[in-house]
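Subject: Structure handover

Hello,

Here is the structure for you to look through. Please open it first, then read my notes below.

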Amino acid sequence: MGFLKRILRNGTSDDAVRVASNGSFETLTDDELQTHMGIRSYGMFELTDAVRPSYDLQVVPKQGFRYDQYVDEKTGLSTPVILASATRHRIMDLFLELVDQLGPVVDVVLETSHQGNPHPEDLYREHIDAPVLKSMLWEFEDLLLNDGCTGIAVINPSKRQEIQLDEHKLLIAYGDPLDAFSQTLIRGDVYPDDNLQFITEAEHVHSSSERFTSQFETLKHRLGMDGEMFLDDYEEFA
């Protein structure tokens, strides 16, 4: 689900954490790890429960956005991208405000890396009314914000535009043009910063639980994804 898949992943288990790349986490005691996972804010920036930065703070979480490019490995074509990081109490509002830019009918993708899956799966649902989807997602706000094994993307294939709220709780917009997305972020006090770094660009750790696995299955059912149509099967978008 997007170019952030390039991060390294290890196995995950329920009621545990998952380290994205080897490093300092391997040397921590249980108490040190629990203390680090319990840190909820850095300055004015408040984290969700889904992910924590490296123990030595290689990257300190910060609000803002920057522009980038996604290059399709198959075609070599590039697509302009906005990567954004927002404090906890702004993420859900901003995500749904960005979704508003896609139009009245959208497709939706759920990403899951629950149950120790080292290769997260993308489940696809076509043609859902955006207001219906938004109402449903508000019901699952806890899952979407705090589960480090759940990601979601909302897509308008005809516009070739997509909005993601990924496993790391980064907001990602890609397609052309990006102006409406950037203005939405700025109105939400998320400002451009060419030097901004994200915790995905260094060692970091994900958190999940059996409760979130159960909630994911419920959301999957509500979205009608029981047939488990995978993104790779949707040839028109791919």
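Start with Arg66: at 12% relative accessibility, this residue counts as buried. Buried means under 20% relative accessible area, exposed means over 50%, and partly exposed lies in between (1.4 Å probe, protein chains only). Arg66 forms a salt bridge with Asp68, with 3.5 Å between the closest N and O atoms. Asp68 is partly exposed, at 27% relative accessible area.

Two notes on the source. This is a predicted model, where local features need pLDDT of at least 70, side-chain atom pairs count only at pLDDT 80 or more, and totals for chains, interfaces and linings use all residues. Residues are numbered from 1 along each chain as its sequence is written, and side-chain values use heavy atoms, with hydrogens and water left out.

**Salt bridges**

A salt bridge is a side-chain nitrogen of Lys or Arg within 4 Å of a carboxyl oxygen of Asp or Glu. The structure holds eleven of them. One of these joins the side chains of Lys62 and Asp193 (3.1 Å, N to O). That pair links distant parts of the chain, 131 residues apart. Lys62 sits in the loop between strands E4 (51–53) and E5 (64–71), and Asp193 in the loop between helix H5 (179–187) and strand E12 (204–207). Helices (H or I, at least four residues) and strands (E, at least two) are DSSP runs, numbered from the N terminus. Lys62 is partly exposed at 45%, whereas Asp193 is buried at 18%.

Arg222 and Glu139 also meet in a salt bridge (3.1 Å, N to O). Arg222 lies in helix H6 (residues 210–222) and Glu139 in helix H3 (residues 130–139), 83 residues apart. Arg222 is partly exposed at 37%. Glu139 is exposed at 51%.

There is a network too: salt bridges link Arg40, Asp49, Arg52 and Arg88.

How many residues of helix H2 (residues 88–99) are buried? Nine of its twelve are, so H2 is mostly covered. Among them are Arg88, Ile91, Phe95 and Val99.

Met37 belongs to helix H1 (residues 30–37). Met37 is buried, at 14% relative accessible area. From Met37 to Ala50 is 13 residues in sequence and 9.6 Å in space, C-alpha to C-alpha.

Best wishes
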